[in-house]
Amino acid sequence: MPVTYSNIIFDNIIETLSLLIQNEFNIKIYYDEHRGNQSFLLTPASDEFVTFLSSGQQREYNVEVSYQLKIGGQYTKNNIKQVSSVMERLKRVIHNNSSYSNGSTWFDANISNIEYSRDEEDQTLLQGIGTFNCNKIEVT
């Protein structure tokens, strides 16, 4: 007999995160590679067991959220400011939605860390890469 299941990481976590980003930013979101002058890239990173509950289990999900900006011309402090502003705004959006749908979609959501980098092969690409973390109760 086939097992019944829900694709939690995609249906609840990634789709909801994508919706939040779309509603806040006028920047395209992709799942395979960055495109255009600026874009977000969402990549599932992990799905970890936290604890058993009497009616299910608690799991922690992590998604890498990468923002990339293609700059024209010189690398300036305004370019750095643009990338860091997007990432700071993303942190605030997640903080404001740390418990989504009263915790039924996710709870304890945060951006645990952000790394900034400049592509070594293409010096016109700047990135901010954040780790989105959240918890979800899965009822069995």
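## Surface and overall build

Accessible areas here come from the Shrake-Rupley method with a 1.4 Å probe. On that basis the protein exposes about 8,500 Å². Carbon and sulfur atoms supply 45% of this area. Buried residues make up 40% of the 140 residues.

This is a predicted model. Its mean pLDDT is 95, and 100% of the residues reach 70 or more. Among the elements, strand β1 (residues 29-30) has the highest mean pLDDT, 98. The lowest, 96, belongs to β5.

## Fold

The protein has 2 helices and 5 strands. Along the sequence they follow the pattern α-β-β-β-α-β-β. The C-alpha trace spans about 60 × 35 × 25 Å along its principal axes. Of the contacts with a separation of 6 or more, 59% join residues 24 or more positions apart.

## Nonpolar core

In soluble globular proteins, nonpolar side chains tend to be buried together. Here, the largest nonpolar core has 30 residues. L17, I21, F40 and F132 have the most contacts inside it. At least two core residues come from each of α1 (8-24), β2 (38-53), β3 (56-70), α2 (77-96), β4 (107-118) and β5 (125-139). Helix α1 gives the most, with 7 residues.

F132 shows how these parts meet. Leaving out residues up to four places away in sequence, F132 touches I13, L17, Y61, N62, V63, V65, I94, W106, A109, N110 and I111.

## Salt bridges

The count comes to 5 salt bridges. One of them pairs the side chains of E24 and R89, at 2.9 Å from N to O. E24 lies in helix α1 and R89 in helix α2, so this pair ties together parts 65 residues apart in sequence. Both ends are partly exposed: E24 has a relative accessible area of 33%, and R89 has 38%.

D47 and R59 form another, with the closest N and O atoms 2.5 Å apart. D47 is in strand β2 and R59 in strand β3, so the link joins parts 12 residues apart in sequence. D47 is partly exposed at 38%. R59 counts as buried because its relative accessibility is 17%, under the 20% cut-off.

E88 and K91 also form a salt bridge, with 3.1 Å between the closest N and O atoms. Both lie in helix α2, 3 residues apart, about one turn of the helix. E88 is partly exposed at 44%, as is K91 at 31%.

## Nonpolar surface patch

L53, I137 and V139 make a nonpolar surface patch of about 240 Å². L53 sits in strand β2. L53 is partly exposed, with a relative accessible area of 33%.

Definitions and conventions:
Residues numbered from 1 in each chain as written. Predicted model: local features only at pLDDT ≥ 70, side-chain atom pairs only at ≥ 80, totals over all residues. Heavy atoms only, no water. Core = buried A, V, L, I, M, F, W, Y, C linked by side-chain atoms within 4.5 Å. Buried < 20%, exposed > 50% of the residue type's maximum accessible area, 1.4 Å probe, protein only. Helix = DSSP H or I, 4+ residues; strand = E, 2+ residues; numbered from the N terminus. Contact = heavy atoms within 4.5 Å. Patch = residues over 30% accessible without salt bridge, like charges linked within 9 Å, V, L, I, M, F, W, Y side chains within 5 Å. Salt bridge = Lys/Arg side-chain N within 4 Å of Asp/Glu carboxyl O. pLDDT = per-residue confidence, 0-100.
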